[in-house]
Amino acid sequence: MVNKYLYLNTIGCQMNVYDSEQIAMRLAALGYQQTSLLEKADLVIVNTCTIRAKAEQKAFSFLGRLARLKKKKPGLITGVGGCVAQQEGERIFKRIPYLDLVFGTQAIDRLPHLIQKIEKKRCRIVDIEQADKPRFPEANDRIAPASQVSRFVTIMRGCDNFCSYCVVPHVRGRETSRHPDVIISEIRELARSGLKEVTLLGQNVNSYGKKEGLCSFTELLSRVSQIEGLMRIRFTTSHPKDFDEDLIYALGTNEKLCDHIHLPVQSGSNRVLKRMNRKYTKELYLDKVAKLRDTCPDIAITSDIIVGFPGESEADFDETLDLIRTIEFDGLFAFKYSDRPNAPAAKFEEKVPDQHMKKRLQVLLDLQDTFTEKKNQALVGACLPILAEGFSKRQSSGNLNHPLQAVQWTGRTSTNKIVNFYHDDNPESCDDLSPGELVDVKIEKAYSHSLWGKLVEGTAAAERLKGDRSYAA
Ligand code: SF4
């Protein structure tokens with residue numbers, strides 16, 4: 001088979017990262033090898049996201065830049081997949097006239113067939129068909145080799161919640177859960193080839209299996225935690241209305257479940273939450289966080305916030321700031337509201353002017369920075385189990401300005417904080433490390449987005465999977 005090259009540009013959430021892996025795996029069967037060099041590509045695919053206007057603009061700006069490459073290389077095949085493709089369909093051809101393929105969120109299985117057709121007939125294709133029940137990869141579908149320590153595995157697709165600002169139910173369809181046996185089989189296979197950490201993905205993992213009468217999410221977690229070789233389990237995303245005491249109990253007792261939860265609150269104002277159709281109140285959210293912290297005192301909590309939702313007043317915004325002060329999140333993903341096609345909020349009046357949104361966003365991010373720094377500073381001096389992922393970015397890019405950085409590794413705490421580390425006495429000893437090892441690192445410095453520490457030998461990190469701190473070193 002002649003080797004051809006695929007350049008895959010993934011924009012958006014972890015769900016798209018997982019889908020891109022599936023795309024690459026399916027196209028490998030046609031002889032397409034992935035490349036990071038755009039100029040080398042015979043096939044370019046952009047896996048798009050439409051959750052915010054900015055992500056959509058990013059996709060179109062990349063596609064616009066492809067025109068020159070297509071001129072130079074007329075045989076190049078270009079395709080757009082993901083949420084923008086699902087939402088826009090054939091309309092994308094008008095904007096990007098040289099595009100060959102538009103495929104929706106449920107067309108990944110059909111992709112090899114579509115590409116073969118384009119290769120033979122040089123035709124243009126749109127495939128945005130959506131089944132009532134999306135098809136998941138089966139247990140016996142070929143699984144890409146686990147070259148990474150950590151991977152995403154989808155446990156469900158779509159969403160039934162219809163938050164008023166969100167397009168997911170429209171572009172990814174209704175919520176459907178994957179059978180637990182298939183999930184377990186995929187993760188077991190990945191663990192056999194070296195996977196140490198898995199992140200279970202779904203738009204609302206807390207409602208896993210309910211519609212289909214499969215097992216509950218906590219039962220699924222318990223089954224996943226029995227997989228041999230797997231050290232850590234993460235999951236995302238949790239919806240506050242469905243986040244329940246069973247899951248809180250599991251987080252407190254299941255040794256393999258990481259000490260981190262991403263629980264998007266979106267706003268601290270009940271009036272705004274109602275207009276967002278979030279189906280919980282600020283009080284309910286605070287109550288769940290209090291119970292969670294009672295059971296898991298070391299847990300890191302991160303969240304999402306939308307600033308400037310239509311009708312958000314200064315008083316509403318102040319309530320959001322109050323909530324941030326009360327909870328002291330470990331980290332926040334905050335965004336300015338943007339209208340999305342098909343989302344009901346696009347038709348809401350009282351749009352907040354952009355300059356107000358910008359100002360509010362800055363105030364909120366500045367406030368959050370103080371808590372992120374405080375949380376990170378509190379870890380200085382602690383000895384934490386870190387799952388070593390590989391050399392740090394700085395080392396890989398050759399950007400070294402200190403001899404010790406020549407052996408700088410990177411990994412994450414159970415609480416999902418990035419730690420770059422080295423061995424101070426014998427820098428070369430870090431060379432003995434392998435990705436996927438659980439090591440103890442004594443934290444020496446805290447920065448706004450990462451921690452810095454040194455490797456501590458002789459402590460039993462592997463026995464403290466969940467990340468209890470020790471100050472032994
Ligand atoms: S829960 Fe709401 S925000 Fe999340 S995917 Fe579903 S509709 Fe969108």
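## Overall picture

The protein chain has an accessible surface of about 21100 Å², and carbon and sulfur atoms hold 51% of that area (Shrake-Rupley method, 1.4 Å probe; for residues, only the protein chains shown count as cover). This is a predicted model: local features need pLDDT of at least 70, side-chain atom pairs count only at pLDDT 80 or more, and totals for chains, interfaces and linings use all residues. Residues are numbered from 1 along each chain as its sequence is written, and side-chain values use heavy atoms, with hydrogens and water left out.

The protein chain has 473 residues, and 56% of them count as buried. Buried means under 20% relative accessible area, exposed means over 50%, and partly exposed lies in between (1.4 Å probe, protein chains only). Now take the contacts in the protein chain with a separation of 6 or more: residues 24 or more positions apart account for 73% of them. A contact means heavy atoms within 4.5 Å.

## Helices and strands

The protein chain holds 14 helices and 19 strands. Both are DSSP runs, numbered from the N terminus: helices are H or I with at least four residues, strands are E with at least two. Two strands pair if DSSP finds at least two bridges between them. Strands of a sheet pair through backbone hydrogen bonds, either parallel or antiparallel.

## A parallel sheet

An open sheet is built from 3 strands in the order β12-β13-β14, with parallel pairing. Its edge strands are β12 (260–262) and β14 (331–336), and each pairs on one side only. From one strand to the next, the twist averages 15°. Axes here are lines fitted to C-alpha atoms, for helices over the stretch in contact, and angles run from 0 to 180 degrees between N-to-C directions.

Strand β13 covers residues 300–307 and pairs with β12 over 3 bridges. H262 has T302 in β13 as its bridge partner.

## Antiparallel pairs

Strand β15 (residues 383–391) and strand β18 (residues 438–446) run antiparallel, joined by 5 bridges. The bridge partner of L387 is L438 in β18.

β18 also pairs with strand β19 (residues 451–456), in the antiparallel sense, over 6 bridges. A446 stands opposite L451 in β19. A hairpin links β18 to β19 through 4 residues.

## Cysteines

A disulfide is a covalent bond between the sulfur atoms of two cysteines. The search counts a pair of cysteine sulfur atoms within 2.5 Å. Across the whole structure it finds 0 disulfides.

C215 counts as buried because its relative accessibility is 16%. C296 is also buried, at 5% relative accessibility.
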